[in-house]
Each structure stands twice: as C-alpha cells, then as structure tokens.
Amino acid sequence: MGSGRVCPHAEKGNIKTPTADDSIYREDCTQCFDSIDESAGLDVCLKCFNGGCNGIYKHAQAHYTSSGHPLVLNIRHVRKQVVRDEPPPKMSKLQIDAETDADRYDTFLTLNCRACNETDLDKSNALVEPVITEIMKAATWAEKEAVKAWSHTVSQCEHITMLISADEHVEDKKKKDEEDKKKNREAFEKNQAVRADNDAEAPGDSGVPDQERMVIDTPKEISAPERAAFLQVKEGKFLESANLTNCSQCEFTENLWLCLTCGNVGCGRDQSYGDPTSTAPKGNSHAMAHAHGEEHHLTVKLGSLARGETADVWCYACADIDGKTGLPEIDPKTGRPYGLETKHKDLFNFLERHGLDMTERKKTEKSLEEQQIELNKKWNFSMTNEDGKEATPLFGPGLTGLNNMGNTCYLASILQCLFDIPAFQKRFNLPAAQVPKPAEDLETQLRKMADGLLSGRYSKPEPSSIYQKGLTPAMFKHLIGRDHEEFSTTRQQDAYELMQHLLDKITTLSHPSELGNPAQVFRFAMEQRLQCRGCNKVRYTTEIHESLLVNVPVERLPSEDPKKQNYKPVPLKQCLDILTAPEEVQLTCSSCGSDGFTKRQQFKTFPEVLVVVARKIIQEGPADFVKVDVPVIIDGDALALDEYLSAGQQPGEDPLLDAPAPKAPTFEPNTAALNLLLGMGFAEGRAVKGLFHTGNSDSVSAMNWVFDHADDPDIDDPLILSPASNEDDVVKEEGVQFLLDMGMGWDEMLIRKAIFKHGGDAQAAFHGIMEGNTYEHVKLPAPKTIKASPNDEAVENLPGSSELPAKFELQSIACHKGSSIHVGHYVAFIRKEIDGKMQWVLFNDEKVAVGVDAEEMKKSAYVYFFKRV
C-alpha cells in the first residue's frame, strides 16, 4: 500500500490507464540493459509506460526531465531462495506449464514521484491503483512482440481454408434452410388465414399476389472447390465417438494426430531416428499412412489442442514426400518439412461443431515450433576442452553474451562480430540521446547494444551457473525486423542476409560527420572485364560491394562410418582463384551481334574490413540443396590479396561503348498451384498471370489477383516479361526513394523487391504492395551491388584503397552448424586479447568462453571478417 503519503501530482493529467494499443516497458530500460533485476529496480512511467533505469545513466530521471511525466511505478525483482528437503516431483504428462516469474522471483512495487522527489507513496489512490493493476496485468511490450513474431511464423494453407470455409458454409446453409422453412410455414399459415377470409367474402380468390407467397430466395450453391473440400468430411458430431487416447493401429499414446476428415487417430513420425536416449517424439507414421491411403490430408496434433493455444495442423496435400525415405521433403528455405505449421483461426469452432469437447483440453506436448527450437539447440558447439572439462568462461568488457530468444542465434553471432570492429564501437558506444520514443529509435537501440556488449557491466556469472545471464535484445530485434517478411518472425534465418539488412538500416541513419557511417569500412570496388569473343572489344565496369561471396569446392573423402561424411579441406586461396578466374557468359554484343563473352572480375580497391561468405552447398536432388561442413584453410589466419588487384584497361584494347544485352527472361509457373487453378476452371493465361504477379507462391493469392483484375482490358493478353540483367538495371534508386518518401511505412527491401518484380516500374510496384503482395519469393541478386559505374571513375573517388601490399588478418567468424543456413545453430569466434595474449573466444549465445576446438571452427565457418593490417 505504501507509506500512506498522497502525492498532489496523482491526477488525471499525469496518469493514463493502459489500453491494448499501448506498449508497456516493464522489463528493462529502453535506453540500456538495466532491468527489474537490478537492486534499484526499473521505473515505469504512469503516463507513457516508458521503462527507465536508476543505475549509472539514470535514464528514468532523464525521461522525467524531457517529458515532464512525474509519476513512476518502481518494479523490482528479488530471486527467491528455493529450499527443498525432498526431490522435486516427477513431471506429469497431463499438462505442460512453463515456470513463471512468480515462481522465480518476489516482486516489489513502489509508487514514486519525480516532481516531489517522494518515494513509496500511497498506491491505493482511486486514480493510481487501477492504473498500477493494469500495468502489471497487461502484456508487456516484449510479450506482444513475441506474439506478433509467432503469428508471422504461422502459415495457413489453402486446403484447411477451403475445408473450414466450406464446413461453415454448409452449416450456415443448414441454419438458413431451417429459418427459411420456419418463415415459409409462417407465411403459409398467414396465407391460409387470408385465403379463408377471402373465400368467405369471394370464393376462389386468395387475395394474395403470387410474388408475395414466396418470401425467400433459393440458397446459393456451394462453389466447386468448397464442395470438393467439404464432401469428404463426415457430417454431424463424428468426433464424439473418436478414441483419442491411443493410435488406432498401435499402442502409442503420445505424438497422436487427429484426422479432420473422419476422426481417425494415428501416431506421428519417429523423430528420434532410432536414438533411445532422444526426447524427440516417437511413432510409426500411422497418421501419414492413413492420410495417403484415404486421401484425408488434414490432421491436428492432439497434444497441442487447448483453448488459448495455437494448435499444430499438418497438411499432407502440401507436404511432398521423399520417395526414398518415405518422409516429407525438406524446404531448403526454412529447413523444415513442407506443410508444417498450417493454422486456422476457426479450427476450434470446427472441432466443437463436430463433437470434440474443447472446454477441458490442456496442452500436453511441445508444439512443432518448440520442437524446432529445441532441435536447433542440439546443433551445438563444444563447450569442453580436450580433457573433457568445461571451457573456461570469460567475463569483462567486450565479453558479454546475448540470450537466444528462440532461433535468434543468427542475430547474436553477427552482432558480436560487428561490435568487435573499431568503427562500430566508435560510432555507437556513446551516451543514449533523449528521444520521445527510445524503444522505437534505431540509433538509441544501437547505442544500447554497444553499451551492453562493450561496457562489461552485465558480464558477470549467474548465481546458479558458471556462465553469465546474457542480454536480451528484444527491442533491437523488433526494430530491425519490423515489416520484414522473415526477420519479424521466430524462424531461424541466414546470418549473412541479416547482416546485409542491418547494414542497410544503419546506412539510412543520420551519421555525425566526425564519425561517419561504420558500414563504410566494408565497402570496396570490384572491376568487371567483359570481352566479346567475336570482335574482341572490351567493356570495364566498376561495382561497389560490402562483401565477397565465394563458392567452396566440395569433395567427399572415404569414411568408415556411412552416417558420417568427411570432406577434403579447401584453402581459401583456391576459392578466391575460382572467383577471379575468367568464365564464359552468354550475352549479345552491341557491336557485332555475337553471343559469346569472356567475363572476369578482380579487386579495384580493398576495404578496411573484408567480409568473406563461404558457400558450402551441394545439390542432392532437383531442388534439394544441403549445406555441408567443408574445412576452409587459411594459412596462419592471414590473407594476401595483391595478385587479385585488377590491372585495368590496357593500351590497345578496343572499348565496347554500349553494354551487352542479356538473354530474354522466362517465367516458370508453380506447377501445383497452376494445376489447382486450372482445375477450378480458370483460363491458363489468367492463372499464369495471377501466379506471376503474386510471387508464384500459391493458388489462393493468384486466384484473388485474377478476381481483382478480371475487368482489366489486357487480362487475356500474353504475359510479357521485361529483360533485366541485374538489380541495378531495374531497381531505380529514384523509384525506391519515391515510395519511401510516401510515408507508407513500407520496408525498403519490400520496395526493392516490388520494383524489381515489376521491371523498374515504381507505379506498378506501388499498386502491387497496396494489393497486399509480400514478394516473399522474389530474390534480388546477391551480394547487393551498392553502385555500378563506367570504368573511367577515378580510384580516389571509390571506397577502399588500391595501395599494396593488401594484407589481411582473420579477426572474427560467424560459424554455423546445420543442414541449411535456415536451420541449426550459429555462434561467433572472435580474436581477443586475454591475459596478455591473443586467443579465440567463443560467443555461444549467452555463454562466453575460451575457444577450445579450432577444427570445429574451420568446418563450421560461414562469414569471415578480415581486418587489413
């Protein structure tokens, strides 16, 4: 209740009751990583709900000074001392409940006034008490963002949409029929009464016009796709009699899947792969056998069914089954089986309508997403040395870990590498400026990140662990992922793609002239030489890059263990030799008309920090690409690039003035989606156009596009593709800037993809985005070309330097384990001075320790950071 003192500032003008639209920052400071776990707690503003610290930066006081909001709720956590005389109770399968903050901490609340400089005020004030209650009860900002990220991860297939929509349509039709019958009966009875009265006055005349006797219209017919989807579903409450306790074909009582067509219960796949120690779900694939045998494609995981939860639904119609293994094929983008995580908001209504009582159901098994996160964590890196002892943990400035917020190791590994670079430290390790909404300001969050990683204040061991607690960069992840189709989700991502996206965001900031853009240290010029094999004329162009992608040759070595693949080590120099070697390309010469060119690219300048991305990919099927662990050898962790400097245009070479033209582009529509559209009766030309303009992703999006454009005068004209050789040819910067300046809040990458998709037409891109297209499947050329220009641009105007010698030393690596860059686990290895000598330090999420396995580092290296020496 507090001391009983009443503050005169506790009035409506200084207090606001939070609504569902408000962001409440009651976990950590919006400007640094001080949290409610600190001894001074966290002050939450009762007017705007900003969270401010009381530590060395006193951001709570700074917020009051800039905003004038006097009242704050101080929230402080104190960890409970758990004393057990008996072993903890054995976990039951009956219900999965996560440990809450109330289980771990005692929470202390005090009401303070900055204007009066008073603390521990009376919290029972009629105005204040409900506000405090709502602040503590409402979802925090981080919790809301987690829900949004989850909703972005969830996919929804057309089959369950059709099934549930058709089911609802039929139910509505039944209700309408009953209502119509009732109306008809009432109308009939009324007409009979009128007829009787009229007959009494004038026999033979009903007195009621024919058109008034029919009071309803005939119900509309269900569409063909809806009818096809629904007619397989049993009518009535067929789920009431379903045996939900075990598989209908075997004894398994867990990992059970309920068929949404007929109510059959079958066990899922064995995800332990025969490992008796694995905690992964086990099964005999009877649910899959039933689905394929009966062509009942939709199943829901029984253990995931609970009110307030998002149930897991598997669509076998969307899942391509590998003919060799009998298992669903893996999507190379997500690293997950096709068809995973289909959802529908009305699923529970469907189940209850057909007899499944949802009132008492509890979640008893981990969701597919939780299983995926757990699987990714198993792709871990060694934390033990050669003697089997735990690696030596490290603490201090520049040695702070980052918590994994669920598949965010890709983010942590890149942030550790970037903030090890002096240019990033100089630019962002500054006091946070006071802005109205610090949690929504990228500059503030970058400074917060720099302070958290570099200061050492948070690098201390946890009481219950030899490692540190680590920082949770939730606000930072939200800002860089906001409106991005991938980084806004909880899915694992490509660390290199994240780095490119982050550098783009940083480049858009306003940089002080004395500090500049830290991304500039990565930039360098590559010179491309094209020579026509017909007339021997040459054309030189210069492209500005921020990274270098190299393909690593893959050669398998004999192995005694068939389950373990070994690969021949490859020197990094060999990869550079391949990258800079001449190659044949098919372009049409603007001078002589021949189609053959020789192309070669070499450095024109070298950056301060060279980023090299090692692509270790093999193809095991028509569309099956797998990442493999090929050791890449760097002699003495050093790299000499002198021999890769371009000599430039030579005397006597005849220049080709106009750029050669690319071959005409082609478009291959998604076969499955096209066939589904054709089966619905759409004309092929319209179906192809619909797929083309919606990213060639699915039939529902294409169908909606066709409906929206059915009246276009050119709807039946042939699809015409505009030729484009690369992103720079069609992504006009003025178009990008024009759409950004419109203030629609669209992500720049979305705009670039839209303009690229529409052949450089910014207006068409605008309409495409307004129609809801995400352009998820549009791929821009990588690495992104910052700038392309004729070769006559002076070297001194280009980023980087052409001075020799060009020697580089390996400084840090983002490493990855897993079969795809979108699945598995990322860590960072960084060279640091520890106890007076340079050592490799492992940053494995929140764990920071001496690197113990150099061979593991070589095999798993993905993104290299070399500093020029």
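Reader: Is glutamate 643 buried, exposed or partly exposed, and what is its relative accessibility?

Author: This is a predicted model, by the way. Glutamate 643 has a relative accessibility of 49%, so it counts as partly exposed.

Reader: Okay, and which residue forms a salt bridge with glutamate 643?

Author: The general idea goes like this: side chains of opposite charge can pair when their charged atoms come close. Here, lysine 573 forms the salt bridge with glutamate 643, and their closest N and O atoms are 3.6 Å apart. The two residues sit in distant parts of the chain, 70 residues apart: lysine 573 is in helix α16 (residues 572–580), while glutamate 643 is in the loop between β22 (638–640) and α17 (671–679). Lysine 573 also counts as partly exposed, at 40% relative accessibility.

Reader: How many salt bridges does the count come to?

Author: The count comes to 21. Take arginine 114 and aspartate 43, whose side chains meet at 2.6 Å, N to O. Arginine 114 lies in the loop between β4 (105–113) and β5 (118–121), and aspartate 43 is in strand β1 (residues 42–45), so this pair ties together parts that are 71 residues apart in sequence.

Reader: What about glutamate 443 and arginine 427: buried or exposed?

Author: Both glutamate 443 and arginine 427 are buried. Their side chains meet in a salt bridge too, at 2.7 Å, N to O. Glutamate 443 belongs to helix α13 and arginine 427 to helix α12 (residues 422–428), so the pair ties together parts 16 residues apart in sequence.

Reader: Which helix holds aspartate 451?

Author: Aspartate 451 is found in helix α13, which covers residues 442–454. Its relative accessible area is 7%, so aspartate 451 is buried; the cut-off for that is under 20%.

Reader: And what is aspartate 451 in contact with, neighbours within four places in sequence aside?

Author: Its contacts are Cys32, Tyr57, Asn429, Arg457 and Tyr458. With tyrosine 57, the side chains are joined by a polar contact of 2.9 Å. Arg457 comes up again in a network of salt bridges that links Asp34, Asp451 and Arg457.

Key: Residues are numbered from 1 along each chain as its sequence is written. This is a predicted model: local features need pLDDT of at least 70, side-chain atom pairs count only at pLDDT 80 or more; totals for chains, interfaces and linings use all residues. Side-chain values use heavy atoms; hydrogens and water are left out. Helices (H or I, at least four residues) and strands (E, at least two) are DSSP runs, numbered from the N terminus. Buried means under 20% relative accessible area, exposed over 50%, partly exposed in between (1.4 Å probe, protein chains only). A polar contact is a pair of N or O atoms within 3.5 Å; within protein, one must be able to donate a hydrogen and the other to accept it, and residues adjacent in sequence count only if both atoms are side-chain atoms. Contact means heavy atoms within 4.5 Å. A salt bridge is a side-chain nitrogen of Lys or Arg within 4 Å of a carboxyl oxygen of Asp or Glu.
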